[in-house]
Amino acid sequence: MTEPGEKTRIQADAADEARVVLAGARWRARSQRVKLYRRVLPIIILVLAGGTLTWTVFRTVMSGVERKASQGQEVRLDKPLFHGQDAQGRAFTVGAQGAVRDPATGHFRLVGPALKLNLGGRKVTEMTADGGTYNEQAKTVTIGPNVRISDGGSGFVLTTPEAVVDTNTGIITGSRGVQGAGPIGTINASSYAIYDQGERVVFNGSGDTKISGTINPSGSGE
């Protein structure tokens, strides 16, 4: 016959043994998970690293393809010379050291543009600048900065940050200030317009440049 105290010890021993068995099972399960993680994690890291590298290479390749495609669509011209006539049949030429046709707009970006507008005879208006844009469809040439205009009609030499030439009418305009010197003295104005390819030059000013007048090729001013 088992004494009560002995029975309690037996139950306690059984409980301890069960706890040991359970702890061992948990340890083995945790050990198996650790082993699994040690095997799987490096593979996951390699996959992620490979995916990142692949994406980087893909974007680099695609960027190169897109850049080459864009360059392939551009039309580059070395020392181009465009010829034309205004509405009155007067000749003009648009030249440059180089030009690039923008495939998106069709405009020509000009490097070192040089324009000549011929009134006939020796009355030729010449214009140069650092850069510009030739919109063949709209019949306009916008040049600047550092524009220099040698006006064959009035005899004035003008400097201005920007000039816009309407090749259909032959009118040259600018609204960013202008300085010049010619037969009747010097000019400092806010805006200007050259009509009839130099036959008439109109200046307007505001603020410190309040000049307003017209110059014709005979040298008289208003």
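**Salt bridges, rings and strands**

Student: Hi! Which residue meets Arg109 in a salt bridge?

Tutor: Asp102 does: the two side chains come together at 3.9 Å, N to O. A salt bridge here means a side-chain nitrogen of Lys or Arg within 4 Å of a carboxyl oxygen of Asp or Glu. Before we go on, this is a predicted model, in which local features need pLDDT of at least 70 and side-chain atom pairs count only at pLDDT 80 or more, while totals for chains, interfaces and linings use all residues. Residues are numbered from 1 along each chain as its sequence is written, and side-chain values use heavy atoms, with hydrogens and water left out.

Student: Why can side chains like that pair up?

Tutor: Side chains of opposite charge can pair when their charged atoms come close.

Student: How many salt bridges does the structure hold?

Tutor: There are 3 of them. One joins Lys116 to Glu126, with 4.0 Å between the closest N and O atoms. Those two come from distant parts of the chain, 10 residues apart, with Lys116 in strand E6 (residues 114–118) and Glu126 in strand E7 (residues 124–128). Strands (E, at least two residues) and helices (H or I, at least four) are DSSP runs, numbered from the N terminus.

Student: And what does Arg176 pair with?

Tutor: Arg176 forms a salt bridge with Glu162, the closest N and O atoms lying 3.7 Å apart. This pair also links distant parts of the chain, 14 residues apart: Arg176 sits in the loop between E13 and strand E14 (178–182), and Glu162 in the loop between strand E11 (157–160) and E12.

Student: Is Arg176 buried or exposed?

Tutor: Arg176 counts as exposed because its relative accessibility is 55%. The cut-offs are under 20% relative accessible area for buried and over 50% for exposed, with partly exposed in between (1.4 Å probe, protein chains only).

Student: What makes a pair "tilted"?

Tutor: Rings of Phe, Tyr and Trp (its six-membered ring) pair if their centres lie within 6.5 Å; planes under 30 degrees apart count as stacked, over 60 as edge-to-face, and the rest as tilted.

Student: Are Phe156 and Phe203 buried or exposed?

Tutor: Phe156 is buried, at 2%, and Phe203 is buried too, at 1%. Elsewhere, Phe82, Phe108 and Tyr134 make up one aromatic cluster.

Student: Okay, where is Thr167?

Tutor: Thr167 lies in the loop between strand E12 (163–166) and strand E13 (171–174). Thr167 is buried, with a relative accessible area of 4%.

Student: Which residues does Thr167 touch?

Tutor: Leaving out residues up to four places away in sequence, Thr167 touches Gln85, Asp86, Phe92, Lys139, Thr140 and Val141. Contact means heavy atoms within 4.5 Å.

Student: How do E12 and E13 pair?

Tutor: They pair in the antiparallel sense over 3 bridges; two strands pair if DSSP finds at least two bridges between them. Val164 has Thr173 in E13 as its bridge partner. This hairpin has 4 residues between the strands, and Gly170 takes a positive phi near 80°.

Student: Last one: what is the strand order in the open sheet?

Tutor: Its 8 strands run E2-E3-E6-E7-E10-E11-E14-E15, with antiparallel pairing. Strand E2 (81–85) and strand E15 (185–189) stand at the edges with a single partner strand each, so one side of each has no neighbour in the sheet. Within this sheet, E14 and E15 are joined by 5 bridges, and Ala181 stands opposite Thr186 in E15.
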